[in-house]
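Work through the exercises below with the sequence and the 3D view open. Try each task before you read its solution.

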Amino acid sequence: MHKKSLFDDSEEEGQGEYDEGGEADEFDIDGDDNFERPEAQDMDFLSSDEEADSLPTKPTKPTKKPRFAASSSDDDDDDEEAEEEPTTARNIEARSRALEAKAIAERAADMAEAAAAGAGEETMFALPSAEQQEAEASGSAPVDVNELQLRMRECVKVLGDFKKFAAPNRSRSEYVQQLLADIASYYGYNAFLAEKLFDLFPVAEAIEFFESNELPRPVTIRTNTLRTRRRELAQALINRGVNLEPIGKWSKVGLQVFESSVPIGATPEYLAGHYMLQAASSFLPVIALDPQPGERVLDMASAPGGKTTYISALMQNTGVVFANDANKERTKGLTANVHRLGCRNVVVCNYDGREFPKVMGGFDRVLLDAPCSGTGVISKDASVKQNKSARDFTLLSHLQKQLILCAIDSVTPSSSATVVYSTCSVTVDENESVIAYALRKRPHVRLVDTGLEFGREGFKAFRGKTFGEEMGKTRRFYPHVNNMDGFFVAKLRVGKPGKRAEQAREESEDEQGGDVGLPLEKMAFDDEADAELIRESKRKYLLKHKGIKLRPKAKVDAALCKTNGKDAESDEE
Amino acid sequence: MRPLTEEESKAVFSKLANYVGKNLVHLIDRSDTPHCFRLHRDRVYYVSESLMRLAVSVARPNLVSLGTCLGKFSKSGKFRLHITALDVLGQYAKHKVWIKPNGEMPFLYGNHVVKAHLGRITEDTPEHQGVVVYSMNDTPLGFGVTARSTLDTRKLDPTAIVVFHQADVGEYLRDEDTLF
């Protein structure tokens with residue numbers, strides 16, 4: 001019974017009647033509660049309402065009542081009353097604030113409860129046997145959704161405190177495998193992608209991530225400052241029956257739309273180009289790019305034009321924006337948006353982005369919103385869950401690496417020469433790896449701060465790969481943390497290639513290895529000594545490759561020795 | 001991309017003059033940055049010279065658009081203004097028509113402006129004159145041609161057409177595929 005009570009929002013477990021005592025509150029769910037909330041499938045670990053409602057010690061909830069028999073249903077009545085009151089423009093703000101406060105309170109309460117419940121509880125959860133797993137995988141014995149949910153929770157709990165909860169003869173990886181299989185079948189991912197995304201987060205957070213991918217993101221619009229001001233736009237839209245609020249402190253042009261009685265993509269204001277329907281996340285790379293009036297800017301993959309028009313607006317219709325897209329069909333919509341929003345400084349062209357330094361160089365800033373797998377926007381396009389394989393990721397990251405080099409080469413080096421790289425993907429091989437590659441290939445480029453106040457730092461190391469401290473300057477955004485699409489932004493500053501950059505690099509390397517304390521001698525390769533070593537290792541490698549066991553002093557044939565000498569040089573480079 | 005020929009310029013300017021009148025001079029000799037008219041794949045673009053010079057480096061098959069598109073030449077050599085020219089027209093329009101809020105949507109769906117929806121109209125607008133249509137809060141919505149002069153509209157019944165529809169911003173949605 002104790003085990004069930006921890007996560008008690010499925011219908012079967014709603015049988016528990018009101019308890020007189022305070023200590024067993026965890027399982028006094030009443031039937032009403034379940035009827036009110038049809039989303040009993042909700043997997044939200046940290047904010048399930050039922051638990052908080054029935055909890056005796058609510059830390060911050062203002063309506064704290066002494067616990068008695070019917071208190072649980074009283075709470076529900078309160079909720080109903082509140083919900084019956086119609087939502088109007090006047091009270092929406094207060095209501096949403098109240099809801100937020102409630103959610104926070106519940107979250108805290110939940111955590112406290114989970115901790116308390118976890119402490120005094122013995123595990124009753126056992127992993128399914130191998131035969132069972134096989135049967136499930138083959139589809140002969142499909143698992144009930146509720147059971148699946150329960151099992152995932154248990155797995156998460158076990159993995160959260162492995163020493164305490166794990167069955168003695170089970171390894172951690174078994175639990176992880178089971179959890180992955182369950183995630184894949186519960187949320188409908190293919191096994192590869194489920195594992196790839198799962199690896200990005202701690203266990204509990206990974207579930208939150210998957211869960212938030214099922215929910216839609218808020219609708220946001222961007223004011224076109226070429227045509228109007230945000231205050232005027234907000235007023236005009238409110239008059240049309242749209243419920244909105246500024247998107248946050250970080251943007252002066254964004255508005256978040258809560259509900260609307262008219263289609264937000266077809267109002268006269270929209271058609272007259274006063275705003276653009278644009279996800280909050282796609283403001284970020286442009287904010288990072290920080291284009292200035294009079295500059296020459298390139299947007300390498302620009303359709304449908306949300307970022308391009310934002311750049312143009314920030315430049316106040318001066319300078320030049322080159323909006324490129326590789327897809328001819330998509331340039332139509334791009335051109336329409338550019339004209340609708342009144343951007344007169346835009347040239348739309350249709351090239352493969354990789355042709356770019358050849359077509360035209362000398363840009364002051366380049367925005368590369370690279371084509372990506374779309375793992376950050378699964379809530380918008382769920383087909384990603386199934387149709388992405390390892391091969392897709394290899395191809396995409398290859399393309400991205402080519403594109404970022406082209407982007408860097410298109411910029412004229414100067415103190416303000418900037419390349420911003422962004423993707424709507426959360427995987428490491430499309431983000432940090434690409435940046436690390438670019439930094440390696442173009443030594444005169446360095447990472448700088450994006451100028452975005454929020455978001456998580458990029459991975460400095462991931463699964464054995466180290467990207468260095470610098471990578472902390474990149475920013476990652478997640479749907480479950482920031483309530484916007486999963487996104488990655490990196491800002492690169494392009495310095496002058498040549499001696500100075502090399503010098504700076506060497507200096508920084510010296511600083512890192514400075515504790516040796518030796519005076520810098522002239523470093524050179526001792527070719528003779530090297531040749532000997534190389535020959536030896538080459539021989540070993542070859543023999544090993546052929547499966548021949550090594551003997552200490554075997555004869556090396558002369559021809560091999562010669563080729564070694566050549567290889568040695570190229571290897572050393 | 002090339003400059004307009006004599007004939008083409010005549011066709012474009014006479015169309016523009018229909019809406020902006022003598023203000024056409026301001027379009028050609030701008031005080032701020034020099035602008036020019038360029039033809040690219042039947043379409044006429046109004047673009048600042050610095051932008052045009054940079055766009056020269058884009059190959060013809062890959063260039064989609066530059067600056068502001070004014071309209072296109074039909075196969076028979078006639079020039080037709082597109083809604084994208086509204087920015088330019090709205091700035092220099094000589095004769096204007098304002099429509100009431102209840103008339104906005106019908107106009108944006110491509111209908112003519114009827115007397116009942118007419119909010120304001122420039123004094124002494126002659127018949128068959130190009131006008132720019134605004135909403136009551138001065139947002140340009142499209143353009144058209146007057147059916148009657150300002151004086152005659154007073155006597156019309158509410159359902160009679162005042163302005164013939166030529167283009168409206170709703171075309172950005174309706175004709176996205178054919179517009180560019």
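**Exercise 1. Which residues have the most contacts inside the largest nonpolar core, and how many residues does that core have?**

Solution. Keep in mind that this is a predicted model.
- Step 1: Count the members. The largest nonpolar core has 84 residues.
- Step 2: Pick out the residues with the most contacts inside this core. They are A:Leu179, A:Phe322 and A:Ile435.
- Step 3: Take A:Leu179 and leave aside its neighbours within four places in sequence. A:Leu179 is then in contact with A:Met152, A:Cys155, A:Val156, A:Leu159, A:Phe198, A:Val203 and A:Ile207.
- Step 4: Look for another core. A second, separate one has 59 residues, and B:Val20, B:Val44, B:Leu81 and B:Ile99 are included in it.

**Exercise 2. Describe chain A as a whole.**

Solution. 
- Step 1: Start with secondary structure. Chain A has 24 helices and 15 strands.
- Step 2: Turn to burial. Chain A has 573 residues, and 47% of them are buried.
- Step 3: Check the surface. Chain A exposes about 29100 Å², with 53% of it supplied by carbon and sulfur atoms.
- Step 4: Ask how far apart in sequence the contacts reach. Take the contacts in chain A between residues at least 6 apart; 70% of these join residues at least 24 apart.

**Exercise 3. Is A:Glu295 buried or exposed?**

Solution. 
- Step 1: Locate the residue. A:Glu295 sits in the loop between α14 (284-289) and β5 of chain A.
- Step 2: Read its relative accessible area, which is 10%.
- Step 3: Compare with the cut-off. Buried means under 20%, so A:Glu295 is buried.
- Step 4: List its contacts, leaving aside neighbours within four places in sequence. A:Glu295 touches A:Met315, A:Gly319, A:Val320, A:Asp364, A:Arg365 and A:Ser416.

**Exercise 4. How many salt bridges cross the interface of chain B and chain A?**

Solution. 
- Step 1: The contact takes 32 residues from chain B and 33 residues from chain A.
- Step 2: About 2700 Å² is buried between the chains, and carbon and sulfur atoms give 60% of it.
- Step 3: Count the salt bridges. The interface has 3.
- Step 4: Inspect a pair. The side chains of B:Glu104 and A:Arg240 form a salt bridge, at 3.0 Å from N to O.

**Exercise 5. In which strand does B:Gly142 lie, and is this residue buried or exposed?**

Solution. 
- Step 1: Find the strand. B:Gly142 belongs to β11 (residues 140-146) of chain B.
- Step 2: Read the accessibility. At 0% relative accessibility, B:Gly142 is buried.
- Step 3: Compare sequence with space. B:Gly142 and B:Gln166 are 24 residues apart in sequence, with 7.6 Å between their C-alpha atoms.
- Step 4: Name some contacts beyond four places in sequence. For B:Gly142 they include B:Ile83, B:Phe107, B:Val132 and B:Asp168.

Note on methods
Residues numbered from 1 in each chain as written. Chains lettered and ligands numbered in written order. Predicted model: local features only at pLDDT ≥ 70, side-chain atom pairs only at ≥ 80, totals over all residues. Heavy atoms only, no water. Helix = DSSP H or I, 4+ residues; strand = E, 2+ residues; numbered from the N terminus. Buried < 20%, exposed > 50% of the residue type's maximum accessible area, 1.4 Å probe, protein only. Contact = heavy atoms within 4.5 Å. Areas by Shrake-Rupley, 256 points an atom, 1.4 Å probe, with all protein chains shown as cover. Core = buried A, V, L, I, M, F, W, Y, C linked by side-chain atoms within 4.5 Å. Buried area = accessible area lost by both parts, 1.4 Å probe. Salt bridge = Lys/Arg side-chain N within 4 Å of Asp/Glu carboxyl O.
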